[in-house]
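Take a look at the protein model below. Keep it in view while you read.

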Amino acid sequence: MAMTLRLTDEENQRLSDLAEAEGRSKQEVIRLALADRWARMQQEEKLGEVLGRVLPKYRGLLDRLGPA
């Protein structure tokens with residue numbers, strides 16, 4: 001599916017510079033950035049789920065240890 005991406009002149013220059021430095025097309029740089037952000041979001045969600053299960057179990061210990 002096609003889409004239009006509106007960038008400022010500065011953003012477009014940064015994208016061009018990045019694409020040239022990496023030897024990629026601007027489209028590929030954007031697609032990789034999207035994939036990277038998606039992966040980070042998924043990791044953050046998984047971490048949140050794990051912490052939601054683990055923190056209550058160790059809440060007493062953490063309270064006794066105090067702030068870091």
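This report covers a helix, a loop residue and a pocket.

## The model

This is a predicted model: local features need pLDDT of at least 70, side-chain atom pairs count only at pLDDT 80 or more, and totals for chains, interfaces and linings use all residues. Residues are numbered from 1 along each chain as its sequence is written, and side-chain values use heavy atoms, with hydrogens and water left out.

Helix 1 covers residues 9–22. A helix here is a DSSP run of H or I with at least four residues, numbered from the N terminus. Helix 1 has 14 residues and reaches 20 Å from its first C-alpha to its last. That is close to the expected 20 Å, where the expected span is 1.5 Å times one less than the number of residues. Gly23 follows helix 1, and its phi is positive, near 70°.

Ser25 sits in the loop between helix 1 and helix 2. A polar atom of its side chain lies 3.0 Å from the backbone nitrogen of Glu28. In space, Ser25 and Ala2 are 16 Å apart, C-alpha to C-alpha. In sequence, they are 23 residues apart.

## The largest pocket

The largest pocket holds about 210 Å³ of space. A pocket is an open set of points on a 1 Å grid over the protein atoms alone, where a 1.4 Å probe fits, with protein on both sides within 12 Å along at least five of seven lines. Lining residues have an atom within 4 Å of a point. The volume is the space filled by probe spheres set on the points, which are joined across faces, edges and corners.

Among the lining residues are Met3, Leu15 and Arg31. Helix 2 (residues 26–65) gives the largest share of the lining, four residues.

Technical notes. Helices (H or I, at least four residues) and strands (E, at least two) are DSSP runs, numbered from the N terminus. A polar contact is a pair of N or O atoms within 3.5 Å; within protein, one must be able to donate a hydrogen and the other to accept it, and residues adjacent in sequence count only if both atoms are side-chain atoms.
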